[in-house]
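I set out to record what I looked up, entry by entry.

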Amino acid sequence: MRLNLCSFLAIVSIPLASTVWAADHYEIDPVHSSAIFKIKHLNLSQTYGRFNSIIGSIDFDAKAPGKSSVMVEIATDSVDTADAKRDTHLKSPDFLNTKQFPIMKFVSNSVQPTGRGKYKIVGDLTLHGVTKSISMHAEHIGSGKDLSGGDRLGFHGLFRIKRSDYDMKHSLDSVGDDVEVIIALEGIKK
Amino acid sequence: MPTMSLLFYGLILPGIVAGVFTWIGRRFRRSAAASAGKGIGFALLAGYVGLVDWPAWPPNEATQWLVLIAPLLGGVVGLSAWWSHRPVLRWGLRFITTAVLLFLLLGPMREYHWTSTQGVVWMVALGAVVLWLWRSTETLTQRCRSVGLVMALLSVAIFSAIALAASGSILLGQMAGMLAAGLGSTLIFSAGALGQTVRSGAATVTVILLGAVIGLGYFYSALPASSALLLVAAMCTPWVVEQARFETLDGAWRMLFQVSAAAAPALFAAGLAFWLTMSSHSSSYY
C-alpha cells in the first residue's frame with residue numbers, strides 16, 4: 001500500500017514539477033512591439049527611425065529568470081525613417097544592404113537579474129552578415145490578461161552598437177557610427 | 001572636409017593609380033600587356049579602400065567581392081588577349097571568369113530571392129551578356145580607332161555614376177565614377193600610344209567592371225530596370241557603330257558619332273533614373 005502510494009506520488013509529481021519549473025513561452029505580438037533606433041546626422045542632430053516588421057519569441061521564467069531566453073528577428077527591409085528617399089538609401093549597399101541581408105536577428109545566451117524586474121540580457125546580434133555578442137538592459141514592464149483573456153507580458157530593452165562593427169562603414173563622417181536601439185516587446189502566451 | 005575626401009578618393013586617387021599603371025606599361029614595354037587593365041582594377045580597389053575601408057576577408061558582401069576581384073581581372077583579360085591564337089583556352093578562361101564573377105556577386109539573390117529555376121535562367125542570361133560584351137570589346141580594341149571607343153565608354157561610366165547615385169546608392173555611383181576616373185587617366189597617360197593601352201585590356205576591364213556595378217545597382221539597390229538595360233545597351237553601341245562601318249566619316253566626325261551613340265542612351269538612362277526617383281520620392285534628402 002505504502003509502496004503504491006509512493007509510486008503514485010512519484011509518477012504524479014514529475015509532470016507537476018516540469019509544469020512548475022518550465023519557462024512560459026510567448027510569441028512576440030508584432031502589432032504591439034517596436035524597434036526604434038537613433039543615429040547622428042552630420043554630428044549635429046539625432047535622426048530617428050524604426051523597423052516595422054518584428055517577429056520572435058520570449059521564454060520567461062519569473063521564478064528562475066536565468067532560464068529565460070528571447071529570440072527576435074527583424075526584416076531589414078522594413079526600415080522606416082519617414083522619408084522614402086532616405087529609406088531607399090538605407091536599404092542600398094551603402095548601409096543595410098537589405099537584398100543581401102534581409103534579416104537581422106538577436107538570440108539571447110544569458111539572462112541575469114539586476115534588480116526588481118530588471119535584467120541584463122547577453123546574446124548574439126547578427127546584422128549585415130556579422131554576428132557579435134551584445135548586452136542589453138531590459139525591464140519587465142508587466143504581465144496580465146488581454147481583452148480575450150489571453151496572457152501577455154511586456155519587456156523594454158536598450159542597447160548600443162557601432163555600425164562599423166557590423167561592416168557598415170560608408171559615410172562615417174556624415175552619418176554617425178554609434179546607433180542606439182530601443183526595443184519594446186509584447187508577447188502572447190502560447 | 002568630407003567633400004574634399006570624396007573628391008580625392010572617388011576621382012583623384014583612382015586616376016593616379018590607373019595613370020601610374022598605364023605609364024609603367026608604356027615605359028616597360030614587356031609588362032605592357034594587361035598593365036592598363038590592371039590599373040583600372042587597382043583604381044577601383046584604391047578608391048573603395050579610401051572611401052570605405054579594406055574589404056573584409058572573406059568578403060561580406062557583393063561589392064567587396066567585386067573590388068577584390070577587380071585587380072585580378074586585368075591579368076585575366078590580358079591573358080585572354082594573349083591567347084588570341086588559342087580560342088579554346090581563351091573561351092575557357094572567359095567562361096570560368098564570368099561564372100565565378102556571377103556566382104560570387106549574385107549569391108545572395110540565389111539564397112534569398114530566386115527559385116532554382118530563376119537562378120539558372122538569370123545566371124545563363126547574364127553570363128551570355130558578359131561573354132558577348134567581353135568578346136566584342138576585345139575584338140573592337142583590335143579593329144577600331146581607340147580614342148572613340150575610350151571616350152564612348154567614358155561617357156557611359158559618367159552617366160552610370162549619375163544614374164546609380166540617383167537610384168539610392170551613392171557608393172555604387174562612386175564606384176562607377178572611379179572607373180570613369182581610371183579610364184580617363186588611362187586616356188591621358190596613353191597619349192600617343194592609346195592603341196597599345198586599350199589593347200592591353202583597359203577597355204575590356206572597364207566594360208566588365210562597369211557592367212558588374214550596374215548589375216549590383218539593379219539587383220541590390222533601386223536602379224530601374226529600364227536604366228540598367230539602357231546603360232548596358234550604351235556599352236554595346238561601339239560594337240554596333242563599328243559594324244555599320246562609317247568609312248566615309250573622317251576621324252573627328254567618326255569619333256563624335258561613336259561617343260554620341262553611347263552617350264545618348266546613357267544620358268537617357270540617367271535622366272530616367274532621376275525622373276523615376278523624383279516622381280516617387282519628393283524630398284530634400286539629397
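**Entry 1: Aromatic pairs**

I searched the whole structure, a predicted model, and found twelve aromatic pairs over all chains. For this search, rings of Phe, Tyr and Trp (its six-membered ring) pair if their centres lie within 6.5 Å; planes under 30 degrees apart count as stacked, over 60 as edge-to-face and the rest as tilted.

I looked up A:F60 and A:Y119: their ring centres are 6.0 Å apart and their planes stand at 85 degrees, so the pair is edge-to-face. The pair links distant parts of the chain, since A:F60 is in strand β4 (residues 54–60) of chain A and A:Y119 in strand β8 (residues 118–127) of chain A, 59 residues apart. Helices (H or I, at least four residues) and strands (E, at least two) are DSSP runs, numbered from the N terminus.

Are these two residues buried or exposed? A:F60 is buried, at a relative accessible area of 8%, and A:Y119 is buried, at 7%. Here buried means under 20% relative accessible area, exposed over 50%, and partly exposed in between (1.4 Å probe, protein chains only).

I then turned to B:W57 and B:W65, whose ring centres are 6.0 Å apart with planes at 70 degrees, so this pair is edge-to-face. B:W57 counts as exposed, at 68% relative accessibility, while B:W65 is partly exposed, at 22%. I also noted one aromatic cluster, formed by B:W114, B:W122, B:Y218 and B:F219.

**Entry 2: Charges over rings**

I counted a charge as sitting over a ring if NZ of Lys or CZ of Arg is within 6 Å of the ring centre and within 35 degrees of the ring normal. B:R94 lies over the face of B:W91, at 4.6 Å from the ring centre. The charged end of B:R110 sits over the ring of B:F103, 4.1 Å from its centre.

**Entry 3: A loop aspartate**

I located A:D146 in the loop between β9 (130–145) and β10 (151–162) of chain A. A:D146 is buried, with a relative accessible area of 19%. Which side chains does the side chain of A:D146 contact? I found polar contacts with the side chains of A:S148, at 3.0 Å, and A:R152, at 2.8 Å. A polar contact is a pair of N or O atoms within 3.5 Å; within protein, one must be able to donate a hydrogen and the other to accept it, and residues adjacent in sequence count only if both atoms are side-chain atoms.

**Entry 4: Backbone geometry**

Most residues other than glycine have a negative phi, and most peptide bonds are trans. I found that phi of A:L42 is near 55 degrees, a positive value. A:L42 is in the loop between β2 (34–41) and β3 (45–51) of chain A. A:A82 has a positive phi of about 65 degrees and is exposed, at 76%. A cis peptide bond joins B:W57 and B:P58, with omega about 0 degrees.

**Entry 5: Confidence and conventions**

Chain A averages a pLDDT (the predictor's confidence in each residue, from 0 to 100) of 91. Confidence in chain A is lowest in helix α1 (residues 2–21), at a mean of 52. Where pLDDT is low, the predicted coordinates should not be read in detail.

Residues are numbered from 1 along each chain as its sequence is written, and chains are lettered from A and ligands numbered from 1 in the order in which they are written. In this predicted model, local features need pLDDT of at least 70, side-chain atom pairs count only at pLDDT 80 or more, and totals for chains, interfaces and linings use all residues; side-chain values use heavy atoms, with hydrogens and water left out.
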